[in-house]
Amino acid sequence: MATGRTHRPATRSRGIPEATVARLPLYLRALTGLSERSVPTVSSEELAAAAGVNSAKLRKDFSYLGSYGTRGVGYDVEYLVYQISRELGLTQDWPVVIVGIGNLGAALANYGGFASRGFRVAALIDADPAMAGKPVAGIPVQHSDDLEKIISDNGVSIGVIATPAGAAQPVCERLVAAGVTSILNFAPTVLSVPEGVDVRKVDLSIELQILAFHEQRKAGEGALAAPDADAPPMRGGAHAAAAAAAAHTVNARTARADRKGPDGDMPAVMPA
């Protein structure tokens, strides 16, 4: 079976937009669920709803794959699973190393979804000498001193960084120097990489902060919608003026909150 060192997904050479590539795993997850239930065909509307996109966008995305479905029948589920898997490079074996075997790294090592999606955890690496040799998810942890040899011996091109923030960049540089060209970064920091190296960042705290922003907005909208039971009724223009003034106040408060972060002078969530 081929390894990740000698093969790259075909999406770039075929000119598939990055936004479409980002949605392909969503379609594949929905299709896999249909396949497990032995559903033979699916309409674009049904599949779009399962993937959380609109059907027009789905049909456009599939047109880049050369798959248009059959009018009145829909898409063949098994064929689409194969087609998308092939485009994503999942019909071959991708050995992966996880660096940093703390709580998060150990949880990733124990995740059972890697193998079923074309990824094989080839090695677990940690800088703590006390971790060396300890099995996690049935795989013995190896010391970071051997990182370069591990990558070379296993033909690894994908690395997962689950270290503390301060260690992430040095680890990243060693991975790249050893031949890793794709990195999934769970460390709460931005990595600097040379051209030709792909980095995907997963930051749970940022996602939670974004959710907190929306919760705050919903709470503000609820406060505007709730009338004061003790206030006298207002008519016509007076009611509209009061509503506009209240909206202006909430917007002003939100703007001030957006400008201030935990230290009082920087945003809590920086724009992408």
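Predicted model: local features only at pLDDT ≥ 70, side-chain atom pairs only at ≥ 80, totals over all residues.

Me: How is the geometry of the rings of Tyr 27 and Phe 62 to be described?

Reply: In general, planes over 60 degrees apart count as edge-to-face. The ring centres of Tyr 27 and Phe 62 lie 5.1 Å apart and their planes stand at 75 degrees, so this pair is edge-to-face. Because Tyr 27 belongs to helix 1 and Phe 62 to helix 3, the pair ties together parts that are 35 residues apart in sequence.

Me: Are Tyr 27 and Phe 62 buried or exposed?

Reply: A residue is called buried when its relative accessible area is under 20%. Tyr 27 has a value of 0% and is therefore buried; Phe 62, also at 0%, is buried.

Me: What can be said of the rings of Tyr 111 and Phe 114?

Reply: Their centres are 5.1 Å apart and their planes meet at 85 degrees, so this pair, too, is edge-to-face. Tyr 111 has 43% relative accessibility and therefore counts as partly exposed.

Me: Let us turn to the helices. At what angle do the axes of helix 2 and helix 3 cross?

Reply: The idea is to compare the directions of the two axes, and angles of 65 to 115 degrees count as roughly perpendicular. The axes of helix 2 (residues 44-51) and helix 3 (residues 55-65) cross at roughly 100 degrees and come within 8 Å. The two helices are therefore roughly perpendicular to each other.

Me: Which residues make that contact?

Reply: Helix 2 contributes Ser 44, Glu 45, Leu 47 and Ala 48, while helix 3 contributes Ser 55, Leu 58, Arg 59 and Phe 62.

Me: Which residues of helix 2 are buried, and which exposed residues does the opposite face carry?

Reply: Ser 44, Leu 47, Ala 48 and Ala 51 are buried. They span an arc of only 100 degrees around the axis, which means that they lie on the same side of helix 2. Glu 46, Ala 49 and Ala 50 are exposed, on the face turned away from the buried side.

Me: What covers the buried residues of helix 2?

Reply: The cover includes helix 1 (18-36), strand 1 (41-42), helix 3, strand 2 (75-76) and helix 4 (77-87). Just after helix 2, Gly 52 adopts a positive phi of about 80 degrees.

Definitions and conventions: Residues numbered from 1 in each chain as written. Heavy atoms only, no water. Axes fitted to C-alpha atoms, helices over the stretch in contact; angles between N-to-C directions. Helix = DSSP H or I, 4+ residues; strand = E, 2+ residues; numbered from the N terminus. Parallel < 35°, antiparallel > 145°, perpendicular 65-115°, else oblique. Contact = heavy atoms within 4.5 Å. Buried < 20%, exposed > 50% of the residue type's maximum accessible area, 1.4 Å probe, protein only. Arc of directions from axis to C-beta. Phe/Tyr/Trp six-rings, centres within 6.5 Å; stacked < 30°, edge-to-face > 60°.
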